[in-house]
Amino acid sequence: MQASSHAIPHPHLHESAHHEEAGFWSKYIFSTDHKVIGIQYGFTALCFLFFGFCLMLMMRWQIAHPGQPVPVVGGLLESLLGPIAAKGIVSNDLYNSFGAMHGTIMVFLAIVPLAFGAFGNYLVPLQIGAPDMAFPRVNMASYQFYVLGGVVMFFSFFIPGGAAQAGWTSYPPLAVAIPTAGQTFWLAGMVLLITSSLLGAVNFIATVIQLRAPGMTWMRLPFFVWAQFVTAFLLLLAFPPLEAAGVLQLMDKVAHTSFFLPTGLAVGGNLANISGGGSPLLWQHLFWFLAHPEVYVLILPAMGIVAEIIANNTRKPLWGYKSLVYAVLTLGFLSFIVWAHHMYLTGMGITIATFFQTTTMIISIPSVIVLTCMFISLWGGSIRFNTPMLFVMAFLPMFGIGGLTGLPLGFSYSDIHLHDTYYVIAHFHYIVAPGTIFALFAGIYFWFPKATGRMMNEFWGQVHFWASLIFMNLIFQPMFAQGMAGMLRRMADGGANYSTARVPDAIGGLSPHMLQLHTYILWAAVGLALAQIPFILNFFWSINNGKPAGSDNPWHSTTLEWQTPTPPPHGNFAKAPHVYRGPYEYSVPGHPTDFTPQNQPD
Amino acid sequence: MEIPYTVEARPDTGLYNAKVGIWLFLASEVMLFGALFSTYILLRVGAPEGFWPHGWLNIPVGTVNTLVLITSSITTVMAWASLKMNQFGRFKFFHACTLCLALTFVGIKSYEYHDKFIHYEITLNDGKIADGHLVKKTADEVVISGHYVEDRKELFDLRASGATHEHKEIAIPRSQIKKMENYGPWHSTYLAIYFTLTGLHALHVIGGAIVIGFLWGPGASLWKRDPERFTNRIEISGLFWHFVDLVWIFLFPVLYLL
């Protein structure tokens, strides 16, 4: 049935859709074509990325100017959200909501759907020479669950009391004790999102195992496919424990159980009316069992994109392809046994801490292998510095900074000082923002001509790149200093209460210089927002007006997605491809062109 | 291009697509239930001495339910084997049995749930605790069939004493009641994990029964058009059913016996 459904739109889809617009609905909304679903994922995720970014801008305003109305959108904020945003001020409760939802939206609704849902969906079947995903309708359901989860999350801003306020980590008892319904919406939204990624993960793995074209052996897979393959395993196996934890916290919230609520819990000075006997630590274990592999879900697809673009633009085979493959498999495996390094301060014995410190240090080895292979791949290449390549070249040192600053957090003794400070914020944002997001931008610029047949504007692409690079660093670099000075994250006033200006002889108080940095960061963030305008305009303008790509393979690439018509039709390949060679045969001596596509016979 | 290996197996993996899919799905299910079983262990290890319940569930009833599910797994295999031998009538019969057994399981489970929901622990103003099943509830008084205990701890280990308590009707005026709570998930962490685990398992049973019911009823028309594909579907749904059965094989000792 799946096989027949891609040739003709499935009849029952027509019935459920509006008849007068049947063509549009079955083609764009209820599509089972992996490319359309990939674009749906991409567009929705970019919208959430923008939304999450806007939340952050308002938070940065509040931190830099505590208690002052947000300029421009303050009035709108009050009319939309009511008393929680009285006078257009981001109140402490609202700040907590924005903080929790910024994290949730960026991780679960923006980056993962963009990196895995959009790029993975669009490219994996093309790169392995398959006509579609193994289960096209499951693929559609995966996207629909994602949208549903997103709607629940988004809607929760407008319920009385607002969205979840207990951080994206939702630690109980706080998460359960907050009397508003935001957390219940958060949990329901998470269950939907987890269902979505489960369906996606099953589909990706089955597709890579079953639908590789003849001759596409495992060691001929492009590195991007390997990265997505391992990512899918992480999603498949790490997400269910969070689903379990989500169900348990939902029980705590709705059925008044005490899974995460200890005996003797007092809320607001009164003993809570609960049975008690639960364990707050249990949530943290279940949460981080997901959330550490999740870090690799965020970074592995980005590494995959980077590898493809490096090989293409250095016109050289990727250095150490096999090392990269084994490194990424090792990363995937090890990511399951490092989770408790997020919990050094929440109570665990020295022995356990030592175990998790050891595994955490070991996992940096495959990460360094990946980065090293990519750096060496640049060696001696005649590099084409186009926009995608610039983003990729920036990814390497930015991810390097993010990774190296993680080492002090992996040791329990240095973590004690840095835990929960702005240092941590700076560290993981360096990995995800100028790391993963730069790789995703690179991917958009790189594969845009395949999806649309037109190139994005090169000049405005470079403007976008240089401005983003500068402002990203201006935002996150000062946070390392703030964190090392002891400034804690999640404070609605940005630490003004702990300032030495307020309490001059306080031990470990924050100097006014550190607080002053908030203002610079705010303006850098505004600059970053402005830097995205060329991208947004370039993106939409180029769909119809960009320079025509000229051929199906404008970058002269070797991998299979470029050996299809542009844009690839339903079913992808004009005739079933056969693979004869590895993915990166660039500049083979004696060959007439400097690239040899994988499906070109000897 | 058609999607390959939807029905026939791919030569190098020896599997058709859906079989890979269902095994992956079951792997994630293992992680889901694994997390819940870990929760059980953690809560039990963390419980104060003497306050982890024993003997709260009816072992004979649980045993019957275990046998019901095991039998349904056998009929599932027989149904699939019948299709492999091209005997559609036998398939219909065996999967009808599977469906009846599934419904029996859910029925017995809801009886057990009901029994917990009408079971009350009532703390009186003088500190005594009355414990038993509700007989009737009016505006002035509550009547239960049960007994009094002095120490709450007595309620937790019923392995020895549970059967020997004489149960008599106790009428308690509302004015004397300090706290009244039934044995729902809010009562204790044991019941919380009991209801969560068995509830999630029951949802799996119901979901599986709906799929098998569809394949037994309207979905069976596929047999005439594409018998191999239909047999595959029965195999896939059967694998899921065995998994659901297997989860119960773990749940039964963990919750009833240990």
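Predicted model: local features only at pLDDT ≥ 70, side-chain atom pairs only at ≥ 80, totals over all residues.
Two residues are in contact here if their C-beta atoms, placed from the backbone, lie within 7 Å.

Setting aside neighbours within four places in sequence, A:Val306 is in contact with A:Met374, A:Val392, A:Phe395 and A:Ala439. A:Val306 and A:Ile205 have the most contacts inside the largest nonpolar core, which has 233 residues. Helix α10(A) gives the largest share of this core, 22 residues. A second, separate core of 5 residues includes B:Ile122, B:Ala130, B:Val142 and B:Ile144. As general background, nonpolar side chains tend to be buried together in soluble globular proteins.

**A pair of helices in chain A**

Helix α10 (residues 223–255) of chain A also has a partner to look at: its axis and that of helix α12 (residues 321–334) of chain A come within 9 Å and cross at roughly 10°. The two helices, α10(A) and α12(A), are therefore roughly parallel. On the α10(A) side, the residues that meet α12(A) are A:Phe223, A:Trp226, A:Ala227, A:Val230, A:Phe233 and A:Leu234. Facing them in α12(A) are A:Tyr321, A:Leu324, A:Val325, A:Val328, A:Leu329 and A:Gly332. Sorted by class, this contact has 11 nonpolar residues, 1 polar residue and no charged residues.

**A closer look at A:Tyr143**

A:Tyr143 sits in helix α7 (residues 136–155) of chain A. Is A:Tyr143 buried or exposed? A residue is buried if 20 or more other C-beta atoms lie within 10 Å of its own; A:Tyr143 has 25 such neighbours, so it counts as buried. Not counting residues up to four places away in sequence, A:Tyr143 touches A:Ile37, A:Gln40 and A:Tyr41. A:Trp218 is 75 residues from A:Tyr143 along the chain, and their C-alpha atoms are separated by 28 Å.

Chain B has 6 helices and 5 strands, arranged along the sequence as α-α-α-β-β-β-β-β-α-α-α. Its radius of gyration is 24 Å, well over the 18 Å that the globule rule gives for 258 residues, so chain B is more spread out than a compact globule. The C-alpha trace of chain B spans about 80 × 35 × 30 Å along its principal axes. Of the 258 residues of chain B, 34% count as buried.

Where the chains meet, 31 residues come from chain B and 39 residues from chain A. On the chain B side, α1 (17–46) and α4 (189–216) each supply at least two residues, and α1(B) gives the largest share, 15 residues. By class, this side of chain B has 18 nonpolar, 11 polar and 2 charged residues.

**Backbone points worth a look**

Most residues other than glycine have a negative phi, and most peptide bonds are trans.

| Site | Backbone feature |
|---|---|
| A:Pro172 to A:Pro173 | cis peptide bond, omega about 0° |
| A:Thr566 to A:Pro567 | cis peptide bond, omega near -20° |
| A:Arg315 | positive phi, near 55° |
| A:Arg490 | positive phi, about 65° |

A:Pro173 is in the loop between α7 and α8 (174–177) of chain A, while A:Pro567 is in the segment after α19 (512–545) of chain A. A:Arg315 lies in the loop between α11 (280–314) and α12 of chain A, and is partly exposed, with 16 other C-beta atoms within 10 Å. A:Arg490 is in the loop between α18 (458–484) and α19 of chain A, and is exposed, with 11 other C-beta atoms within 10 Å.

Notes: Residues numbered from 1 in each chain as written. Chains lettered and ligands numbered in written order. Helix = DSSP H or I, 4+ residues; strand = E, 2+ residues; numbered from the N terminus. Rg over C-alpha atoms; globule rule 2.2 N^0.38 Å. Buried ≥ 20, exposed ≤ 12 C-beta atoms within 10 Å, placed from the backbone. Axes fitted to C-alpha atoms, helices over the stretch in contact; angles between N-to-C directions. Parallel < 35°, antiparallel > 145°, perpendicular 65-115°, else oblique. Nonpolar A, V, L, I, M, F, W, Y, C, P; charged D, E, K, R; others polar. Core = buried A, V, L, I, M, F, W, Y, C linked by C-beta atoms within 7 Å.
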